[in-house]
Amino acid sequence: MINNTTLFVSTVVVKDSKLLVVQEGKNNYGQLDTWNFPAGHVESGERLVDAAIREAKEESGYTVAIDGVLSVLLKSTDSGMSLVVFLLGHIADDHPVAHEEGIQQVDFVTLEALEKLNLRFPDDMIEPARRALSDKSYSLDIIMDYQEA
């Protein structure tokens, strides 16, 4: 058994009471055609907030600002553990650039619409979405690597 812990960020971006979602175009982990929040691995030496901003830009084309921490999820996987930090964000620049090739579609959806999508992680995404829409987040200063720019 491999015992690894992988760190991920997932950014729940709210705009006009809707949530930013991306449709996966890759099938690396069986995720083809599923919907997710902009998310991905935190690279070695990278700060959580910086990783969230980078992943959101790569996957959605939008520049986002991170406002808070929504929740932290620890999951068992075949190769060890995954730690997912859900962050709350907003659109910082409403003029998106092209998103990466591995994304089929970018959209803003209501919570009701989100619940009906083919979600990549249906058991993990709804509660952070509810928290984001209720503005229930923790200050970024609970992240020990966070520094205000």
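**Exercises: rings and cores in a predicted model**

One aromatic pair is counted here, where rings of Phe, Tyr and Trp (its six-membered ring) pair if their centres lie within 6.5 Å. The model is predicted: local features need pLDDT of at least 70, side-chain atom pairs count only at pLDDT 80 or more, and totals for chains, interfaces and linings use all residues. Residues are numbered from 1 along each chain as its sequence is written, and side-chain values use heavy atoms, without hydrogens and water.

**Exercise 1.** Classify the pair of Tyr 62 and Phe 108 as stacked, tilted or edge-to-face.

*Solution.*
- Step 1: The ring centres are 5.6 Å apart.
- Step 2: Planes under 30 degrees apart count as stacked, over 60 as edge-to-face and the rest as tilted.
- Step 3: The planes stand at 75 degrees, so the pair is edge-to-face.

**Exercise 2.** Decide whether Tyr 62 and Phe 108 are buried or exposed.

*Solution.*
- Step 1: Buried means under 20% relative accessible area, exposed over 50%, partly exposed in between (1.4 Å probe, protein chains only).
- Step 2: Tyr 62 has 11% and is buried.
- Step 3: Phe 108 has 18% and also counts as buried.

**Exercise 3.** Find the residues with the most contacts inside the largest nonpolar core.

*Solution.*
- Step 1: A nonpolar core is a set of buried Ala, Val, Leu, Ile, Met, Phe, Trp, Tyr and Cys residues joined through side-chain atoms within 4.5 Å.
- Step 2: The largest such core has 19 residues.
- Step 3: Those with the most contacts inside it are Val 9, Val 64, Ile 66, Leu 87, Leu 140 and Ile 143.
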